[in-house]
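Trainee: I would like to learn how to read a structure like this one. Please show it to me, and then take one feature at a time.

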Amino acid sequence: MSFSNIIGHDRPITILKRALANKTLAHAYLFSGEAGIGKKMTAFALAAAVHCADAGPGGGCGACPSCRRVAALTHPDVHVVMPESEDARLLATWSSKEADKASDEIKIDQIRQAQESISLKPSEGSKKILLVDGAETLNLTAQNAFLKTLEEPPGDTLIILVTPLPQSLLPTIRSRCQEIRFQPLPRRTLAQALVSKRGLSDEDAWFLAALAQGSMGRGLGMDAGREKAERDQVTELWSGLSRMSDAEALALADGYAKDRERFDRLLDIGVECLRDALVYRETGDDRLLVQAGAGERCRNWSERFSLPKMLADLDLLSMSRTMLDRRVSAQLVAENLLLKLGRG
Ligand SMILES: [Zn+2]
């Protein structure tokens with residue numbers, strides 16, 4: 001694990017490299033930013049750079065036994081704390097999915113063990129490192145226990161907290177850390193990485209890079225074929241609706257009302273496809289669409305529907321979302337939607 005493995009994030013990495021070179025590392029860092037964008041990898045790369053036997057201006061070498069043990073979570077001077085289920089997943093895939101682990105939390109016992117571990121002298125390296133991933137899952141008791149360590153860190157210690165939700169940490173914790181914010185990756189950077197890491201076509205990579213919204217973790221986990229198939233289904237439904245009787249549309253609404261997940265996807269993808277159609281109508285530029293390569297579908301859409309109808313459908317979709325959020329019955333919302341969408 002070295003800084004060169006990380007895609008993007010030039011600014012955070014420059015700050016850290018400079019601090020390493022000048023020996024001005026803070027005692028505690030808070031890495032914040034969206035899930036899956038590379039915060040945790042950067043934290044590991046920093047830990048590796050501190051302990052690497054052959055560290056250069058670029059950080060750790062990524063190949064020496066020390067770097068390898070940091071990446072394998074077996075370095076004796078790097079104590080890693082994370083919500084328990086995340087541990088196995090991380091080692092298996094090296095992809096982070098912080099959004100999924102809402103039910104997991106870091107236990108107070110894990111914090112006590114960590115405190116004990118960093119109170120010992122480093123056995124090999126120059127300092128003890130404590131990396132807390134998913135810091136937002138620390139409950140209040142655990143945060144208060146942790147605060148003591150931040151206030152009086154034992155010996156030469158480096159603490160790195162990693163979280164997509166820094167606001168869930170006590171102000172007293174945040175104020176004792178140097179916060180480094182990680183920005184979502186630009187679409188172009190993410191697309192290039194998906195081509196090289198997954199061997200995707202340019203078109204698929206460009207599409208998934210938009211869906212992943214700057215998150216490498218999300219981009220790595222998505223399937224372009226499945227995403228496209230879902231959009232094809234929505235497009236088919238749309239054209240089918242105009243030929244359906246009211247009774248048929250209502251029967252269809254019944255199905256959506258009973259399957260909220262499917263209904264939510266319909267609303268999200270519907271908005272996305274309409275937005276694409278409107279953008280294409282204005283610009284004729286395939287690269288500005290979420291679904292790269294969907295230019296023809298967008299052209300058909302514009303030929304079939306007038307601009308006012310497209311805007312009315314967009315309103316209808318966002319109103320349906322608002323009503324569902326306000327707990328209006330899904331049956332009612334689905335019926336209203338499918339009787340009007342693409343029709344009349
Ligand atoms: Zn090394």
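Mentor: Start with a pair of helices: helix H8 (residues 187-198) and helix H9 (residues 202-211) pack at an angle of about 130°, their axes 8 Å apart. The model is predicted: local features need pLDDT of at least 70 and side-chain atom pairs count only at pLDDT 80 or more, while totals for chains, interfaces and linings use all residues. Residues are numbered from 1 along each chain as its sequence is written.

Trainee: How do I read the names and the angle?

Mentor: Helices (H or I, at least four residues) and strands (E, at least two) are DSSP runs, numbered from the N terminus. Axes are lines fitted to C-alpha atoms, for helices over the stretch in contact, and angles run from 0 to 180 degrees between N-to-C directions. Angles under 35 degrees count as roughly parallel, over 145 as roughly antiparallel, 65 to 115 as roughly perpendicular and the rest as oblique. H8 is therefore oblique to H9.

Trainee: Which hand has the crossing of H8 and H9?

Mentor: A crossing is left-handed if the near helix is turned anticlockwise from the far one by less than a right angle, and right-handed if clockwise. H8 crosses H9 in the right-handed way.

Trainee: Which residues make the contact of H8 and H9?

Mentor: Two residues are in contact if their C-beta atoms, placed from the backbone, lie within 7 Å. Here H8 brings Arg187, Leu190, Ala191, Leu194 and Val195, and H9 brings Asp202, Ala205, Trp206, Leu208, Ala209 and Ala210. For classes, Ala, Val, Leu, Ile, Met, Phe, Trp, Tyr, Cys and Pro count as nonpolar, Asp, Glu, Lys and Arg as charged, and the others, Gly among them, as polar. The contact of H8 with H9 has nine nonpolar, no polar and two charged residues.

Trainee: What does H16 pack against?

Mentor: Helix H12 (residues 246-258) packs with helix H16 (residues 330-340) at about 140°, the axes 8 Å apart. H12 and H16 are therefore oblique to each other, and their crossing is right-handed. Among the residues that meet are Leu250 and Tyr256 in H12 and Ala334 and Leu338 in H16. This contact of H12 with H16 divides into ten nonpolar, one polar and two charged residues.

Helix H15 (residues 307-325) and H16 have axes that come within 10 Å and cross at roughly 175°, so H15 is roughly antiparallel to H16. Leu316, Ser320, Met323 and Leu324 of H15 and Ala330, Val333, Leu337 and Lys340 of H16 make the contact.

Trainee: What is the strand order in the open sheet?

Mentor: Two strands pair if DSSP finds at least two bridges between them. The five strands run in the order E2-E3-E4-E1-E5, with parallel pairing. Strand E2 (78-81) and strand E5 (178-181) are at the edges, each with a single partner strand, so one side of each has no neighbour in the sheet. From one strand to the next, the twist averages 15°.

Trainee: How many bridges join E3 and E4?

Mentor: Strand E3 (residues 128-133) and strand E4 (residues 157-163) pair in the parallel sense over six bridges. Leu131 stands opposite Ile160 in E4.
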